[in-house]
Amino acid sequence: MKLELPTLVSRDPESLVDCIAYRRSYREFSEAALSINALSLLLWSAQGITGQDGKRATPSAGGLYPLHLRILVQRVESLEPGVYDYTPDAHSLERVGGHVTEGVVRELGIGDQPWLEEAALVIGVTVELEATIKHFESQPPNGERGVRYAYMEAGALTQNVHLQSTALGVGCVLVAGFDDSRAKKVLRLPSGLEPAALLCIGIRKK
């Protein structure tokens with residue numbers, strides 16, 4: 001069953017200057033739930049459709065859009081805890097997995113990273129890496145171009161989410177040090193999808 005997300009509310013574009021200036025990584029989150037409206041804006045900023053031609057919020061080499069989002073919801077208003085798949089075309093969520101215990105979430109990180117389990121949600125940025133490599137294999141050096149493009153796109157996506165988090169006044173931190181095999185299992189990734197980054201988001205702890 002798909003869940004349509006709230007309609008987006010446009011914001012003053014002049015605030016982008018402040019968002020860039022005040023963007024910081026936040027690792028301390030309160031136990032408050034994130035609103036469904038905030039989640040809607042964050043996901044749109046990451047992969048939302050921005051025009052009738054199907055273009056998305058982040059650029060993609062060759063228009064492939066190999067990135068996919070899996071959201072591990074821990075505390076979001078109007079959503080049951082669990083793992084959700086985001087569909088950009090419909091701007092909707094589909095629950096693909098049940099509640100994940102805090103201990104399991106914390107074990108995703110390499111080393112002690114408590115913000116993984118303390119965040120209201122974790123956005124798993126995943127990529128169809130093999131398909132991207134194959135698409136660009138004719139470009140030197142031997143398909144590595146596709147890898148570069150995929151991770152450049154992931155970087156653009158994570159920065160968009162950071163800036164949108166700043167605009168919303170919520171905390172966000174990028175986690176790159178994680179256990180790939182555990183992430184694939186927890187996020188219930190199908191064959192062909194590889195985890196590229198985790199974004200921990202939540203209400204900032206005062």
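Modeller: A search of the whole structure turns up six salt bridges. A salt bridge here is a side-chain nitrogen of Lys or Arg within 4 Å of a carboxyl oxygen of Asp or Glu.

Colleague: Before we go on, what kind of model is it?
Modeller: This is a predicted model: local features need pLDDT of at least 70, side-chain atom pairs count only at pLDDT 80 or more, and totals for chains, interfaces and linings use all residues. Residues are numbered from 1 along each chain as its sequence is written, and side-chain values use heavy atoms, with hydrogens and water left out.

Colleague: OK. Which residue forms a salt bridge with Lys2?
Modeller: Glu94 does, and the closest N and O atoms are 3.4 Å apart. Lys2 lies in strand E1 (residues 2-4) and Glu94 in strand E4 (residues 92-97), so the pair ties together parts 92 residues apart in sequence. Helices (H or I, at least four residues) and strands (E, at least two) are DSSP runs, numbered from the N terminus.

Colleague: How exposed is Lys2?
Modeller: Lys2 is partly exposed, at 48% relative accessible area. Glu94 is partly exposed too, at 28%. Buried means under 20% relative accessible area, exposed over 50%, and partly exposed in between (1.4 Å probe, protein chains only).

Colleague: And what does Glu194 pair with?
Modeller: Glu194 forms a salt bridge with Lys184, with the closest N and O atoms 3.3 Å apart. Glu194 sits in strand E7 (residues 194-202) and Lys184 in helix H7 (residues 180-186), so this bridge ties parts that are ten residues apart in sequence. Lys184 is partly exposed, with a relative accessible area of 31%.

Colleague: Which residues are joined into one network?
Modeller: Arg106, Asp112 and Glu117, through salt bridges that share partners.

Colleague: What about Lys55?
Modeller: Lys55 bridges to Asp53, the closest N and O atoms being 3.9 Å apart. Asp53 is exposed at 57%, while Lys55 is partly exposed at 45%.

Colleague: Switching topic. Which residues form the negative surface patch?
Modeller: Glu28, Glu31, Glu102 and Glu118. Patches take residues with over 30% relative accessible area and no salt bridge, joining like charges within 9 Å and nonpolar side chains (Val, Leu, Ile, Met, Phe, Trp, Tyr) within 5 Å.

Colleague: Where is Glu31?
Modeller: Glu31 is in the loop between helix H1 (16-22) and helix H2 (36-47).

Colleague: Buried or exposed, that Glu31?
Modeller: Glu31 counts as exposed, because its relative accessibility is 75%.

Definitions and conventions:
Areas by Shrake-Rupley, 256 points an atom, 1.4 Å probe, with all protein chains shown as cover. Lys, Arg positive; Asp, Glu negative; His and termini not counted. Charge placed at Lys NZ, Arg CZ, Asp CG, Glu CD.
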